[in-house]
Amino acid sequence: MKAIAYFKNLPADNANALQDITVPEPVPGDHDLLVDVHAISVNPVDVKIRANRKPQDGQPEIIGWDAAGVVRAVGARTSLFKPGDRVWYAGALTRPGANSELHIVDERIVGHMPKSLDFAQAAALPLTTITAWELLFDRLRVLDNAAPSQRSLLVVGAAGGVGSILVQLARQLTGLTVIGTASRPETQAWVHELGAHHVIDHTRPLTEELKRIGFENVSYIAGLTHTDKHFAQMAEAIAPQGKIALIDDPAAVDVRLLKGKSASLHWEFMFARPLHNTPDLIAQHELLNQAARLIDNGTLRTTLGEHYGKINAENLRRAHAFIESGKARGKIVLEGF
C-alpha cells in the first residue's frame with residue numbers, strides 16, 4: 001500500500017523530510033479496525049514528531065493523527081463497527097499513523113462519522129475535537145449546560161485547530177462568555193464567526209486587552225499556544241479559584257504565580273487514554289459519536305481551513321511548513337491517494 005513516511009529528522013522544506021513509500025498492508029488485531037483512509041488532516045503534533053522523533057533502525061516512520069475513511073475489516077473481538085461503516089478518529093501515538101492508504105486503529109477510540117460531512121470536512125476534526133472536549137469538560141470541569149452564567153473563558157490562540165472547535169463547544173454547550181485571542185484581521189474574523197463573544201489581540205498584554213473589553217479577570221483560561229510567553233499574564237488574568245488548562249509544551253512555567261489565588265493548573269493530552277490504555281478508553285468513541293450528532297443537527301461545524309489536495313509527500317511537506325509558520329486558520333486537510 002502507499003504511505004508517506006520519514007527516515008531522518010529534516011526541515012519541512014527538505015525534499016526528503018517526507019517521502020512517498022510502499023509498505024505491506026497492516027493486519028488488524030482483536031480490537032482493531034482496518035480502515036480505508038479517504039482523508040487526513042495535519043496537526044502540530046505531526047510537525048513536532050517529524051522534527052524530533054528518530055525512526056528506529058532505519059525503518060520508515062509513518063505519522064498522521066487525524067483520519068476519515070471506511071471500515072474494510074474488523075478484528076475478532078470488535079463489536080462497535082462493521083465493514084462499510086464510515087468512521088473518523090485521531091489514533092494513538094504508539095502505533096503507525098494514518099498517512100497511508102490502509103490504517104489499523106483500536107475501535108474504542110473511533111467514532112461514526114457525521115452523516116452531513118464529506119471525508120475532508122470530517123478529517124479536520126477528530127484530534128482537535130477530542131482535545132477541546134476533554135479540556136473543557138474533563139479538565140476544567142465546565143458543566144455541559146447552556147444556561148446563562150457569570151463565568152468566562154479565555155481561549156489563547158483561538159483561531160487554530162483546537163481553538164476553532166473549543167470556541168464552538170463553549171459557545172454552544174455552556175453558558176460561559178467566550179473570549180478568543182487572535183492577532184490578524186482574518187483570524188479575528190474567523191474566531192468571531194465561530195461564536196466568540198469577544199476577540200482580543202494576544203500580541204498585546206492579555207490583562208490590558210481584557211480590561212479594554214470590560215473584564216478584570218476570567219474564570220477559566222485555555223492556553224493553546226506560546227504559553228512560555230503568556231503564562232505570567234494568564235496568572236494575572238485568572239480569577240481567584242479559577243482554572244487554567246494547557247495543551248502546548250512550554251519549557252517551564254512558574255506555578256507559584258497561581259498560589260495566591262488558589263488557582264489550579266491542568267494539562268490536556270488527548271493521547272493519554274490510548275497511551276496508557278485507561279479503563280475509560282471508550283470515552284473517546286462516545287465523545288466522537290456525540291460530536292457527530294452535534295454536527296449533524298447544526299450545533300457544530302467543520303473547522304476545515306485549507307484543502308491541500310491529494311495525500312502525497314509533496315503536499316504533506318507543504319502542509320507541515322504552513323503549520324510551522326504559525327499562520328494556519330482552522331485545519332489543513334488532504335484527500336485521496
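**Close-up views of a predicted chain**

**View 1. Glu134 in its helix.** Glu134 sits in helix α3; helices (H or I, at least four residues) and strands (E, at least two) are DSSP runs, numbered from the N terminus. The model is predicted: local features need pLDDT of at least 70, side-chain atom pairs count only at pLDDT 80 or more, and totals for chains, interfaces and linings use all residues. Residues are numbered from 1 along each chain as its sequence is written, and side-chain values use heavy atoms, with hydrogens and water left out. Is Glu134 buried or exposed? Glu134 is buried, at a relative accessible area of 1%. Buried means under 20% relative accessible area, exposed over 50%, partly exposed in between (1.4 Å probe, protein chains only). The side chains of Glu134 and Gln284 form a polar contact of 3.0 Å. A polar contact is a pair of N or O atoms within 3.5 Å; within protein, one must be able to donate a hydrogen and the other to accept it, and residues adjacent in sequence count only if both atoms are side-chain atoms. Leaving out residues up to four places away in sequence, Glu134 touches Arg139, Glu268, Phe269, Met270, Arg273, Gln284 and Leu287. Contact means heavy atoms within 4.5 Å.

**View 2. Helix α1 and its cover.** Helix α1 spans residues 44–52. Which of its residues are buried? They are Val45, Asp46, Val47, Ile49 and Arg50. The cover over the buried residues of α1 includes β3 (32–42), α3 (126–139) and α10 (313–325).

**View 3. Ser164 in helix α4.** Ser164 belongs to helix α4, residues 161–173. Its relative accessible area is 0%, so Ser164 is buried. A polar atom of the Ser164 side chain lies 3.2 Å from the backbone oxygen of Ala159. Not counting residues up to four places away in sequence, Ser164 touches Ala158, Ala159, Trp190, Leu194, Thr303 and Gly330.

**View 4. The loop between α3 and β8.** Two residues of this loop are shown, Asp144 and Arg141. Strand β8 covers residues 152–156. Asp144 is partly exposed, at 45% relative accessibility. Its contacts, without residues up to four places away in sequence, are Phe137, Leu173 and Gln290. Asp144 and Leu169 are 25 residues apart in sequence, and 9.3 Å apart C-alpha to C-alpha. Arg141 is exposed, with 58% relative accessibility. Arg141 is not a glycine, yet has a positive phi of about 60°. Most residues other than glycine have a negative phi.

View 5. His226 lies in the loop between β11 (218–223) and α7 (227–237). His226 also has a positive phi, about 50°, although it is not a glycine. A relative accessible area of 53% makes His226 exposed.

**View 6. Met113 between β7 and α2.** Met113 is in the loop that runs between β7 (110–112) and α2 (119–123). At 5% relative accessibility, Met113 is buried. What does Met113 contact, apart from neighbours within four places in sequence? The partners are Ala68, Arg86, Val87, Trp88, Asp118, Phe119, Ala122 and Ala292. Gly69 is 44 residues from Met113 along the chain, with 8.5 Å between their C-alpha atoms.

**View 7. Leu80 between β4 and β5.** Leu80 is placed in the loop between β4 (67–74) and β5 (86–89). Leu80 counts as partly exposed, at 26% relative accessibility. Beyond neighbours within four places in sequence, Leu80 contacts Glu107, Arg108, His112, Ile282 and His285. Leu80 and His285 are 205 residues apart along the chain, but 9.3 Å separates their C-alpha atoms.

**View 8. The whole chain, for context.** The chain holds 10 helices and 15 strands. Its radius of gyration is 20 Å, close to the 20 Å that the globule rule gives for 337 residues, so the chain is as compact as a globular protein of that length. The radius is taken over C-alpha atoms; the rule is 2.2 Å times the number of residues to the power 0.38. Along the principal axes, the C-alpha atoms fill a box of roughly 60 × 40 × 35 Å. Buried residues are 55% of the 337. Of contacts between residues at least 6 apart in sequence, 71% join residues at least 24 apart.
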